[in-house]
Amino acid sequence: MSWALSLRLMAAEDVLSISGLVLLMFAAWGGDRATRAINWVAVLTLLGAAALVAPTMAGGAADMSAFYGQYSGDAFSAFAKILIYLGAAAALVMTPSFLERMGAARAEYPLLVLFAALGMGLMVSATNLLTLYIGLEMNSLAAYVLASFARSDERSAEAGLKYFVLGALASGILLFGMSLVYGFTGSLDFGAIRTALDGAHGGAATVDGVLSQGALFGIVFMLAGLAFKISAVPFHMWTPDVYEGAPTPVTTLFATAPKVAALGLTMRVALFAFGTQVHAWQQVMIFLSLASIVVGALGAIGQDNIKRLMAYSSINNVGFMLIGLAVATPAGASAMLVYLAIYVVMSLGGFAAVLMLRDQDGAAVESIAALGGLSRSRPGLAGALAMIMFSLAGIPPLFGFWGKFVVFQAAVQAGMLPLATIGIAASVIGAFYYLKVVKVMYFDEATGVVANGNELSHGVILTVSAVVLSPLGYLATGWLGNLAATAAASLFHS
Amino acid sequence: MSNFPILSAMLAVPMAASLVCLLADAQRARLIALGATLVDFALGLLLWQGYQIGGSQWQFVEKAPLFAGFQWALGIDGIALVLIELSVFLMPLCILASWDAIEKRVSEYMAAFLLMETLMIGVFTAQDLFLFYIMFEAGLIPMYLIIGIWGGVDRIYASYKFFLYTLLGSVLMLIAMLWMVNFAGTTDIPTLMHTDFPVAAQRWLWLAFFASFAVKMPMWPVHTWLPDAHVQAPTAGSVILAGVLLKMGGYGFIRFSLPMFPEASAQFAPLVFALSMVAVVYTSLVALVQHDMKKLIAYSSVAHMAIVTVGLFAFNRQGLEGAMVVMLSHGLVSGALFLCVGVIYDRLHTREIDRYGGLSINMPKYALLFMLFTMASVGLPGTSGFVGEFLSMLGIYQLSSWVALVSGTGIILGAAYMLYLYRRVAFGAQKHADAAAMPDLSTREIVILAPIAAAVLWMGVYPESFIAPFRADIAALDARLAQAKPRGDAALTPGTPNRAAPAGEAHAALGGAATIKQKVALASEVAAAGRAR
């Protein structure tokens, strides 16, 4: 394996790194006046990176691993990276005007997003514990700074600090798990770990076909650390505070790209590295998913801040996605990817709508009660937000239903009927608070807080996501399903 | 004609009109909505005319593999046909009824109604299990908005209750559907209707479907959303709710529960009967003491729908046909009654029964039509109500005379509360000056009510026009159910012949034995004939 080939396999990462470093120079000399230009170049870079990985989504060569098994550019990573890069690009598009109004527009912002995206790409491509950790920290460090980017705002500073402390704790837990796994399997390589855990073939970490206690501890600790990153219950406490405190464009980013990266990473670790010991972690996943669905739904009911509501909604949705992982079949993984893709669109649309909610002075409106009568003053915005809410609740004919549908279909096909039944019954609790937003916008008297005036970029993103989430989205089910199935299949062949 | 995708067209017309309505102003939205519903009604008439009675079971079939995992598959049998006719017949009347009554946000209102029509037709035409589910569930959104935006005082509570009750019922059905598709390997409803699911699984599947349809129907004790929703919904909303949405539950039983899970249906029939008997007696009594007209009619709907479930689970043709006719008749009659309430509500803005009285003096035309629909609701011979209730009772009597007896009281109680309502509203002294000053029906109101009155009488005098299209489908369903048919208590049984010959008669020994043999043969012949019937 030559360096040239390895570098070519990670072309997207190359582009992101070089472009990031060059833009860093521009930022150093150009100062904050160059922010908008850097922002747009960063968006183009992300779109270019997405275009580079797109061809691999359809399958690609048999061996896509680079740098001696450190990295894999397979169809799975391509699928996740497309979502990551597009999510990050959309978040960047919506950023400049917001930060300018806050007086916090600085040239570092797009760079941090670029480097975070680079880290996220590494996370979903990692086939070695060290690559995994490098990618994870690269993303996290950028994210901590981004969360506290509006440093004059107390809430933002608090969010950054909270995120950092809890994120560091999670990284510690993850590292502890990794050291145990390394100690008992004798390798950092996912493939080697998979072989060592394989009880049926006398793997090194098993005794008479039974997993050794230490390796089991390692698996559980690693999954706990990852559960922090995907904000699954009971490791979700940081999410509402960080979502609320961080500047809204940053929240948009957090709700989309890092979520895809962390879930993708969890999928690869669970299904590939630990794929020979499914029973060791399946119960953990079942618990995480059901707890996330229920707590996410119940927690959202009392919220009056729309960003906090979206945070609980993301916890709730992660729960549904984890059902696909708990099923531990190729169909489950594929369903999870489909859900993830739809979820990214819903989040982008939802936050684009939140960003468009501003009062007369241009200050952001975050209180749900202030949305009263929005359907009369801003029918288009209210309609799109209502569609996103019904979609998040999974009510057909909106496209959000399809994500839930495929996940539950996978669970039923795998014979996990109790999981599917409890999960879907709990989704009714979730419907309650999504309905609340629609109720406020459509049934309540007008408050007149939200002023007119749109920004083109937000309007475009909101319109695009509304069209995707409309029943027209079903026309894409075949195409999306095939891509996700190809991506998921690459996790399962060892 | 055979290649024209008429069902897709019937879905596309209101869908497109709904989008256009959103962008139009109030008056134009009204005209667009009326035009679109009339076009759909015309298409519905073409459909009826083109439907071949005695032709293949599924007609106007369209299939397009547009999606992953399920298909755009449409097609109708006679059962779906008559329910579609009911929907497209009621829709233009609903639009007319809301012409002046709805003043705020007219274009959104019309858009929601047209969307509703699309989804209702979609439910009755879907031939793919998941397409059906999507259409069935999607109806929640426009109905939630209709109740919540244009409803009365407690509209928000009612809209939540409606949404969450029905959603919880439906999601369990989705899991059952996923299991069935996984088992049978197809999403095609006609194929699934002939799939024999294992009996143990059938029970769970039946219960999951029941959870959904019982709420939609609605059956006691999950009926409580209905009176709330009805009272709070605008008149046209109530008409659609009572006229068509409730029929989705009955349609679900007849299309899914009965043919797909015949054994489980037979096992759970006592449960259905118990709930229906409670519903008939209890909700009729509740209706008797209502002060709110709409609530009274809402409770009477629950009682009538209980007659439908009793007829459906009678496992014979009379019961099934009766249930279908009750559904059609109730769709017309309860819709008309809600429209009648709407007429006086628009004048006095109250639904309190005591605020009216003696309307036959100042509103004779109104009193006449209201009388007709009251009688139809009671089930007077010559109106549509009689045909369905009689057939249902006939059907259930063959299975269980006790169930027939208790459900039969519903007809007596129905007469009580409806006539009592009519007496308080139309007869007696003119207690209130404002009620006495109300003008009689306007031309628009007559245009709305007269077609329904004609249909009610037509169905009462010559029900064959409506029964003929679905007779073969009911026969097919009856044949499918034969494998699980429970024994009725009304079949003729052979009597116990008196074996001991009268003492002292000399010739008893041989000749008597021969007579007994003959008697037994005769008795079993009679019994066989009884069973065959």
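In helix 3 of chain B, 20 of 20 residues are buried (under 20% relative accessible area, 1.4 Å probe, protein chains only).

The model is predicted; local features need pLDDT of at least 70 and side-chain atom pairs pLDDT 80 or more, while totals for chains, interfaces and linings use all residues. Residues are numbered from 1 along each chain as its sequence is written, chains are lettered from A in the order written, and side-chain values use heavy atoms, without hydrogens and water.

Chains B and A bury about 3000 Å² between them, 81% of it on carbon and sulfur atoms. This is accessible area (1.4 Å probe) lost on being put together, summed over both parts. B:R105, B:Y160 and B:I175 supply 18% of the area that chain B buries against chain A, more than any other three residues. Contact (heavy atoms within 4.5 Å) joins 31 residues of chain B to 34 of chain A. The count of salt bridges between the chains is 0 (side-chain nitrogen of Lys or Arg within 4 Å of a carboxyl oxygen of Asp or Glu).

In chain A, A:S313 lies in helix 14 (residues 306-327). A:S313 counts as buried, at 1% relative accessibility.

Methods
Buried < 20%, exposed > 50% of the residue type's maximum accessible area, 1.4 Å probe, protein only. Helix = DSSP H or I, 4+ residues; strand = E, 2+ residues; numbered from the N terminus. Buried area = accessible area lost by both parts, 1.4 Å probe.
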